[in-house]
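Subject: Handing over a structure, with notes on what was found

Dear colleague,

Please have the sequence and the 3D view open while you read.

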Amino acid sequence: MDSEGGGSGGGGGGGAVKDLATPSKFVAAFFLGGLVLGASLLAVQVGISLPPSLQLPPPLWGGRRRRRRRPVRVYMDGCFDMMHYGHCNALRQARALGDELVVGVVSDDEITANKGPPVTPLHERMIMVAAVKWVDEVIPDAPYAITEEFMNKLFNKYNIDYIIHGDDPCLLPDGTDAYALAKKAGRYKQIKRTEGVSSTDIVGRMLLCVRERSTGDSHNHSSLQRQFSHGHGQKVDDGGSASGTRISHFLPTSRRIVQFSNGKGPGPDARIIYIDGAFDLFHAGHVEILRKARELGDFLLVGIHTDQTVSATRGAHRPIMNLHERSLSVLACRYVDEVIIGAPWEVSKDMITTFNISLVVHGTIAENMDFLKKRNEKKEASERKYYEGKTYMSGD
């Protein structure tokens, strides 16, 4: 036991020697490292190149740079015929699912083959889609159905990550799903359809207004106008055979207006341009005049006239779209910075001072309607050719 104790004591003595040696080595290493660091910093300051043996190694975190994340690109297609705020809201939702939104606009021939002739031609629909502020790129002449060839083109040429569509079914004439391949590939995402508006609904409103105008019933005019303004529906009785065409299902909310708004005001020295109008059935001509107006300054403020003002100046059958519907269509335009919902007919001095308006601009109204007559004749001929021999009509 004593020898074990002595051995233990000897071991303890040896341990004490090691403990004394370790701190001295640590201090020496620390001192040497400090000299090298100081020399390196001094060399950097005065521009002297040190030998490799005295240079500091690169930091561990700087050896490999982090790869920059590739933007997520999403694709959405559509006819976008008689484009309205529902289309714009769909594009807004699609853009929120990625970093860049690529939109395919279906060709006239494809629409005619699957749904009947479009109301607006391809070049006008292209202008409308490109003007939406959430759209980054537009592909013309897109197919109505996502074929395997076109899907591979989207993935390889356009670097598309996901294909987007609304939650409403999109069926081909043979009853198959137009997005079946995208779903099978696991590259499909869905958004919520905007309720209360469709191209078919708008055509119904237009036809109803034409009928009301031809009857000249002032009571019906005022009733119709009230329903446009308040977003209520009306049932049309055509001999008791139909339940009717609804006028407007739109219920305006502040949340939806905020979603469409830029959320930015003009800068302190911004040149503010003001233009007003009805902007009913927002179309390519509206886009063009807003683009030209925006080029005149730094901030474009657009006044949207009330339903009552439009009715008084354009006729009792107008507007087709109510005030808030028209406001959203204008707000979705990339050239517009802000809107005044329910702007007055006359631009007063107080209004110019309040909004710090630098310039008021106004467009022209085409008096020569010959071009519309020629376009309508061409469209009627196209429709007549399409419906010849047809025994049924596909639904919207």
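To begin with the overall picture, please bear in mind that this is a predicted model, and that, among the contacts in the protein with a separation of 6 or more, residues 24 or more positions apart account for 74%. The secondary structure comes to 14 helices and 9 strands, and of the 396 residues of the protein 38% count as buried. As for the surface, the protein exposes about 23,800 Å², and 56% of that area is supplied by carbon and sulfur atoms.

The residue I would look at to start with is Arg73, which has its place in strand S1, a strand that covers residues 73–78. Arg73 counts as buried because its relative accessibility is 13%, and the cut-off for that word is under 20% relative accessible area. When residues up to four places away in sequence are not counted, Arg73 touches Glu100, Val102, Glu137 and a run made up of Tyr158, Asn159, Ile160, Asp161 and Tyr162. With Tyr158 there is also a polar contact to examine, in which a polar atom of the Arg73 side chain lies 2.7 Å from the backbone oxygen of Tyr158.

Met82 lies in the loop between S1 and helix H2, the latter spanning 85–96, and although Met82 is a residue other than glycine, its phi is positive, near 50°. Met82 is buried as well, since its relative accessible area is 15%, which falls under the 20% limit. Phe279, found in the loop between strand S6 (272–277) and helix H10 (284–294), likewise is not a glycine and has a positive phi of about 50°. With a relative accessibility of 6%, Phe279 therefore counts as buried.

To find the place in the 3D view, look for Pro319 in the loop between helix H11, which covers 307–314, and helix H12, which covers 323–331.

With kind regards

Key. Residues are numbered from 1 along each chain as its sequence is written. This is a predicted model: local features need pLDDT of at least 70, side-chain atom pairs count only at pLDDT 80 or more; totals for chains, interfaces and linings use all residues. Side-chain values use heavy atoms; hydrogens and water are left out. Helices (H or I, at least four residues) and strands (E, at least two) are DSSP runs, numbered from the N terminus. Buried means under 20% relative accessible area, exposed over 50%, partly exposed in between (1.4 Å probe, protein chains only). Contact means heavy atoms within 4.5 Å. Accessible areas come from the Shrake-Rupley method with a 1.4 Å probe; for residues, only the protein chains shown count as cover. A polar contact is a pair of N or O atoms within 3.5 Å; within protein, one must be able to donate a hydrogen and the other to accept it, and residues adjacent in sequence count only if both atoms are side-chain atoms.
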